[in-house]
Amino acid sequence: MTTDREIVIGTRATAAELESRRRSRVLMKGNEAIAEAAIQAGCDAYFGYPITPQAELLEWMARRMPELGRVFVQAESELGAINMALGAAATGARVMVSSSSPGISLMAEAMSYMAGSGTPMVLVNIMRAGPGLGGIGPSQSDYFQATKGHGHGDYRVPVLAPASIGEATELVATAFELAENYRTPVMLVADGILGQAMEPVELRFRTPERHTFDWALTGAAGRPARVVKSIDLVPEVLEARNLALQHKYREIARREVRWEGWQLDDAEFAIVAYGTAARVARSAIAQARQKGIRVGLFRPITLWPFPDRELARLSGRLHGILTVELSSGQMVEDVRLAVEGRCPVAFHGRMGGLVPTPDEVRGALKALRARVERTRSAEHHAHVPAPPRPHGHDAGERFETDFPAHSNARRGGRR
Amino acid sequence: MTLHPLTSPRARSADATARLIYRKPDVLTDRSTHYCPGCGHGVVHRLIAEVLTELDLPAHTIAVAPVGCAVFAYDYLNVDFVEAPHGRAPAVATGIRRVRPEAFVLTYQGDGDLAAIGTAEIVHAAARGERITAIFVNNGIYGMTGGQMAPTTLLGQRTTSSPNGRDAALMGYPIRITEMLAQLEGVTYAARGSIGDVSLIGKLKVMIKRACQVQIEGGGFSIVEALSNCPVGWGMTPQQSLDQLRGPVVDAYPLGVIVDRGSGTSALPEVGLGCPAPANPEA
């Protein structure tokens, strides 16, 4: 464990400043806080390539790592960066790489190799809007990419999603622990807002314990040579490797699920959201509660493993769930798989670098509640005609993207 | 079993004065290779094994295996190995080098790996002057996948993906990437040798040794291109492929030390540039 005395922010801080910082909160940019958290977690080497909105992370590392006698390399591409990480990590070093969405696509190849060869590494994705070059605004449109596999082959990686800069600094250390304990790459995903906003951060840095690895490449002095590889051309042997991987993933799913609930005790409705969307949801929940809607927040912190059992248990006593994302609706698929129809699941999202406002979310919540009430009332009076829709379209109706306009149009077209 | 020189009758008769003059380096494993009959990879493996042994490096070596025919190099060289994705070996080696300054870092790549898909990685590792040694086996073809055209394939050469021969108008020209790399200031040593005959193999070994010494002495990037044959991919007998290697291949890829920016060069024997003109019975 690191002592507080080892915590140093920047180069120009005096001892007195450090002492005061140790006790108080400091204003830090998300990207820089993540970078410093990695340094405090004992990151030996960082490899990166410039891309917005994560460039500050690279820049922080460019200044700090050489100061500490550690490794910083600006690579020729994201391919170069992640493969440098592969090489360094194969020797047992604690390694981090960061990028943003288009760069992560390039890194997918090596992620697959690292998953296959059991190479620990932490990859930070400060997500921006896509597809393609897209834009540089905040987004959560890489959920599928992060949780369903970036590269080829049957593999998973743990995905951590902080909702604040402070939490991000804590999860960086967790990411290194997961990576080394399970010999796997780990992703930490945040959107451009978390990366670029500044907020007061409590210094909750942590240095995970160091282990000696019996697989690390250090030169075969006095021991048999070691190989870090993913290839196996004998199908039976390769299947055995795959089975071992799947066993590992089940262990991770059993032990490492993380989520946070807020105001769920008396909740009839829940918003499921992560990252920045969860913060918007909290504001919306506070407003909605003032209007008498009993709603709480279910916030996955691990996107994989997804807290499916926990959500399933909760959904049994809910009237409805609203999923809010900065995407067209990706996590909502996992929400529906977990809920298995126990209650209606609605979705509200914005794309292109836009963030839903609390008012929008509250509107979507109202629409969901209205839908649930209609259904319940229809069930209650099963043999009488369902009552007319209450007052045409209320403000929230247009956010009820469960039945978006375009899908109605498609149905109409078939008629 | 390899025939030991001492089993020859003459050696046996000289029993009293028998001495061991040649043996398989321990770093070379006893496994039979998966390489095709007549393939040059085995020769290059052997040279690397000899050089590593002579320089006392095996216990300090971390090597990077490519994607291609040499993907199983770790089965034959008994040192720590990491497998790189196709073309990425120089980046992987960079990562190793930076966190393990004490290690001897070696990459082994073919021409599809290094001169096609991995051009960015090799160029920038060289430009950074990474203290790594790259062994580049150029046989002008993608052997592992069945003999497709590589960027190094000769003009007119038939492959499974250039069935009518490589046509410059459609497929461009062979790439002399070692000369390209030699332009970069980060490159301390760049040379091209060949496995074409015994004399050339001896010279190739000197090049590989020099490239390794550059790294040990703290120089920058070093690379040795080894021209090799691919009898199966070229559609030739091993003998024909060696004739091809000593003829048209060397015409396109001249042998010699391309650059040696290291100090102490003069202490080393002049190699390569003085190679005799190769016999070319086909021409």
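**Where the chains meet**

Reply: In this predicted model, strand 9 of chain A and strand 2 (residues 80-83) of chain B run parallel and are joined by two bridges. Within this pairing, Val82(B), in strand 2 of chain B, stands opposite Val228(A).

The contact between the chains takes in 34 residues of chain A and 29 residues of chain B. On the side of chain A that touches chain B, at least two residues each come from strand 2 (45-48), strand 3 (71-74), helix 4 (78-90), helix 5 (101-117) and strand 9 (227-228) of chain A. Helix 4 of chain A gives the largest share of that side, with nine residues. By type, the residues on this side of chain A are 21 nonpolar, eight polar and five charged.

Gly140(B) counts as buried because it has 31 C-beta neighbours inside 10 Å, where 20 or more are needed. Apart from neighbours within four places in sequence, Gly140(B) is in contact with Asp111(B), Ala150(B), Thr152(B), Thr153(B), Leu154(B), Gln157(B) and Val249(B). From Gly140(B) to Asn229(B) the C-alpha to C-alpha distance is 8.1 Å, while 89 residues separate the two in sequence.

How values were computed
Residues are numbered from 1 along each chain as its sequence is written. Chains are lettered from A and ligands numbered from 1 in the order in which they are written. This is a predicted model: local features need pLDDT of at least 70, side-chain atom pairs count only at pLDDT 80 or more; totals for chains, interfaces and linings use all residues. Two residues are in contact if their C-beta atoms, placed from the backbone, lie within 7 Å. Helices (H or I, at least four residues) and strands (E, at least two) are DSSP runs, numbered from the N terminus. Ala, Val, Leu, Ile, Met, Phe, Trp, Tyr, Cys and Pro count as nonpolar, Asp, Glu, Lys and Arg as charged, and the others, Gly among them, as polar. Two strands pair if DSSP finds at least two bridges between them. A residue is buried if 20 or more other C-beta atoms lie within 10 Å of its own, exposed if 12 or fewer, and partly exposed in between; C-beta atoms are placed from the backbone.
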